[in-house]
Amino acid sequence: GGNSLHNAAPGRVTDFVKAKGGHTVITKVCFAIPSGIAAVKEIRSVRKWAYETFGDERAIQFTVMATPEDLRVNADYIRMADHFVEVPGGTNNNNFANVDVIVDVAERSGVHAVWAGWGHASENPRLPETLAASKNKIVFIGPPGSAMRSLGDKISSTIVAQYANVPTMPWSGSGISDTATSEQGFLVVPDDVYAKACVTTVEEGLERAEAIGWPVMIKASEGGGGKGIRKVESKDAFSMAFNAVLGEVPGSPVFIMKLAGAARHLEVQVLADQYGNAISLFGRDCSVQRRHQKIIEEAPVTVAPQALAEEMEKAAVRLAKLVGYVSAGTVEWLYSSSDQKFYFLELNPRLQVEHPTTEMVSGVNLPAAQLQIAMGIPLRSIRDIRTLYGKSPHGNSSIDFDFLDPHSGETQRKPSPKGHVVAVRITAENPDAGFKPSSGTLQELNFRSSTNVWGYFSVGTAGGLHEFADSQFGHIFAYGADRSESRKNMVIALKELSIRGDFRTTVEYLIKLLQTDAFEQNAVTTAWLDGLISDKLTAERPETTLAVICGAVAKSHLQAEECAAEFKKGLAKGQVPPKELLKTIYSVEFIYEGMKYSAMMARSSPVTWTMYLNGKGTQVGVRPLADGGLLVLLDGRSHTVYLTEQVGALRLMIDSKTCLIEQENDPTQLRSPSPGKLVRFLVESGDHISSGAAYAEIEVMKMYMALTATEDGIVNFVKQPGATLEPGDIIGILTLDDLSKVKRPIPFSGQLESMGSPTAIGTKPHQRFAYLSEVLNSVLAGYDHQGGVAVTIRELLYVLENSELPY
């Protein structure tokens, strides 16, 4: 890099690089990261290392790129950085995936290096090459462009794997193994060979898919994190899926691969320096996925025999050395438990989101190791690596990483993982709607770390996620002596986690998954979670009676608050508000789990409601909380309720369990379920569509999602492709074939369970007197008591005659 030892200013970092055998001093780093959570993790990891090494956590300065959207939602990484540079907003090609923008910001900021996290630019070989050619010779913290082309690209890496006789799945490049040797002596894949494995049209893709055999995966070589990948079961769905892949990762080469059935997704963490040394830091199991995106990760691998796991690690290291790989990378494998065979899937030329699982079982700070490798420091001189191999932490002596010398075991130890880690991704997705991502603000985030559990988040209370952000905003890791202990630690931590915002999260669903028999017995595959979703597995819901009563209370509370606000608004203007605004009787109607409830709600006191449903009354205590929630008292128990209004429904979180109180929807109106962009229509205006058929695609948080009709009819659209959508926006009108066939909710005609008093009321004379006085004062204040006034007065007179009354 430009800031070599000869040019660098004197200081502790310069002395460190010199002592450790490095060649470049890096004290200023620019982040070009579309994922806020990646920036938060990098800053925390490097600052921890800097304090341990130099006694100054700010020895390395961070400049971050920030979009207007990130600034608007108060993203944590911006506040954590030393300096930020505002860049154009919108989609990634305007900012974090734009090489020219990144290089311009790096040059203007005077940084020594750029770190691209796990965003799209982190896999673009143009970035390291353009940085190296810049005036200041800026260092890229990651592999060189040549290695990125050979192994970082999903297509060329599979060709290299076939050259190295590593098993691969059938794909559009099966049998292609022609490679060339670079001037540095490393393997490269010529462009003409690369092109043979690519698919450029729907017709060509269909031909390759037929040869491979259904089902197949359509994958963008530059995709990742669930983007640019689609499963296709038959040729009828191929065209739509192919176009979705092209749309999610524009300009990326595309290939077709056979879908693995009951396989496990295993991966190996690789770390390589600039001197030809490469090591593995054990494996990870990332088999629990939905939409081909990981949701639960573990380390180390426990499903495969130890000997086979080590064979996968050795194959990963061999591939890294073949192409001259440098820095951290991950080799992904598909593993078949039935015949104990593994197949190469891809190599990610960057850190993975789940890398902290490896850090916890190996003791290696991976972002700090990446930074030191970028400074030219060899693996043998990195403190964490030396500790892992049983060497003196602060020395520079050689390490036989491959144990080629039979006597190496006398001076160093063979690395082995310590304990077990289970990690879960916290995402802004709705598990009850196919994990649909959504954006919005965050009202509360309360995470309680413990000795064995820690986590980090890209946003905090009063922050939020914008429409161009990644849906993942948190990551939690639980450590244990074994898999069972770490799983239990994670469940406890998730049950104590409190997140409230405009969007749903996966927390409750994760708790359910971690407690299934299949997960406990380690019997999951990559298809396991998708199967559960197809079978309509849902997170634990509140008990039905509790949900219905809380739903009725929440809706009537909102009506009462609205009336009170309107009344005060009139008084403030000097007007006489209509007396209807002082009403104490409210009618509520809603649908819960396919059943329609119609209730009358009477406000009996400032803190009490009486719900009348099918002639039966239930008394409920309700007290507003300072944070906007409600404390509901029912049958001698208290429940915390938070409510969020959304399109056509009221979302309730009752004692940390979520349920949806819905309105009766008009099936003739085709509405947008969330904010996003209308990408394209899949049918023409005037066409007939059937129930369940997709009629449009919208882009939500960098993901393409299909909208489907709920009834049969003729559609007419009122929006144009490219339009920005808000929740509830009408996209089209559906003229129904037969109105009588529309599914209507069934009216609830039964009775709810009998409930006692909301709170325990004492029987002593002074306790009865206080209660009865409160009831009558509420009646005098205008609250409703439904004809029980005479009975209350009689009892009060009786109590007043009791000689035990203390006054």
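Contact here means heavy atoms within 4.5 Å. The model is predicted.

**Helix α12**

Helix α12 covers residues 306-322. Its 17 residues should span 24 Å at 1.5 Å a residue, and the end C-alpha atoms lie 25 Å apart, so the two values agree. Which residues of α12 are buried? They are L308, A309, M312, E313, A315, A316, V317, L319 and A320. These buried residues pack against two helices, α7 (145-152) and α8 (154-163). They also pack against the strands β11 (264-272), β12 (278-290), β14 (327-336) and β15 (341-348). Just after α12 comes G324, with a positive phi of about 70 degrees.

**Helices α10 and α11**

Helix α10 (residues 202-212) packs on helix α11 (residues 238-248) at an angle of about 115 degrees. Their axes are 10 Å apart. The crossing of α10 past α11 is right-handed. From α10, V202, G205, L206 and A209 take part; from α11, F238, S239 and F242 meet them. By class, this contact has five nonpolar residues, two polar and no charged ones.

| C550 | C659 | 7.7 Å |

A disulfide needs sulfur atoms within 2.5 Å, so C550, at 7.7 Å from the nearest cysteine sulfur, is in none. C550 counts as buried because its relative accessibility is 1%. C659 is buried too, with a relative accessible area of 3%.

Terms used
Residues numbered from 1 in each chain as written. Predicted model: local features only at pLDDT ≥ 70, side-chain atom pairs only at ≥ 80, totals over all residues. Heavy atoms only, no water. Helix = DSSP H or I, 4+ residues; strand = E, 2+ residues; numbered from the N terminus. Expected span 1.5 Å × (residues − 1). Buried < 20%, exposed > 50% of the residue type's maximum accessible area, 1.4 Å probe, protein only. Axes fitted to C-alpha atoms, helices over the stretch in contact; angles between N-to-C directions. Left-handed = near helix turned anticlockwise from the far one by under 90°. Nonpolar A, V, L, I, M, F, W, Y, C, P; charged D, E, K, R; others polar.
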